[in-house]
Amino acid sequence: LRSCSPGRARRTNASRHACLVARFGDIYAQERLDAETLLRTYISDMEMVQRIIYTAAVESFQAAKMAYRQFKIRVRKTLSLGHSGPESLEDTVLDYIVRHEDLYDVQASVNEVIRSMNINPKISFPPEVDFVVISSLIRELCRVAFSMQTLIPPLDIAFGMDGELFSETKYRRSFDSDFTAALVAYHVWPALMENDIVIVKGEAVTKR
């Protein structure tokens, strides 16, 4: 194991938090639109395109959180053998993960996301193509989601359901929404949460 400096994770928490929130915004503004453009060459239905991208975001966070938990268990097991302080074992584990995020097997998470998307009944794809075409978006989402787990407290995305009551605090309405409708028809992008408080709004489509 490579050595790590004490307390690094806690010392850098605020700056890493700011960078990751900004990166999440960048993915929404850039990679999401690139994926949308790419999918439109295969699928004419814009709703289906947006559903696919939203599903990719949700599944990426799930896969990255699972990978983080497994990674943390392995690191804790290894470091506990020689741990003597002055920091708590938990802090030492977190420091190690923050310093060595490059050891995260992001490709395994990308493969897991694509597997989950292939069996999701709400999204479909022409049989001649594959969700692999948006793997660069999935990879970036997995990376940022994994890094968000190293924050204190960690960041996560809001759970969204078709037909839920539209929340002004969680979402912006997309431009093609019915602005008088009270219910979410489907989601375009998830809201980012910290301790159940929205820190970045998502986007949703409301229709009657």
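**Exercise 1.** Work out which residues of α5 meet which residues of α6, and sort the residues of this contact by type.

*Solution.* Start on the α5 side: Val106, Gln107, Ser109, Val110, Val113, Ile114 and Met117 meet Ser135, Ile138, Arg139, Cys142 and Arg143 in α6. Contact here means heavy atoms within 4.5 Å. Now sort them: seven are nonpolar, three polar and two charged.

A quick note on the model: it's predicted, so local features need pLDDT of at least 70 and side-chain atom pairs pLDDT 80 or more, while totals for chains, interfaces and linings use all residues. Residues are numbered from 1 along each chain as its sequence is written, and side-chain values use heavy atoms, leaving out hydrogens and water.

**Exercise 2.** Describe how the axes of α5 and α6 are arranged.

*Solution.* Two packed helices are described by the angle and the distance between their axes. For α5 (residues 106-118) and α6 (residues 135-148), the axes come within 9 Å and cross at roughly 120°. The pair is therefore oblique, the class left over once angles under 35 degrees (roughly parallel), over 145 (roughly antiparallel) and 65 to 115 (roughly perpendicular) are taken out.

Notes. Axes fitted to C-alpha atoms, helices over the stretch in contact; angles between N-to-C directions. Helix = DSSP H or I, 4+ residues; strand = E, 2+ residues; numbered from the N terminus. Nonpolar A, V, L, I, M, F, W, Y, C, P; charged D, E, K, R; others polar.
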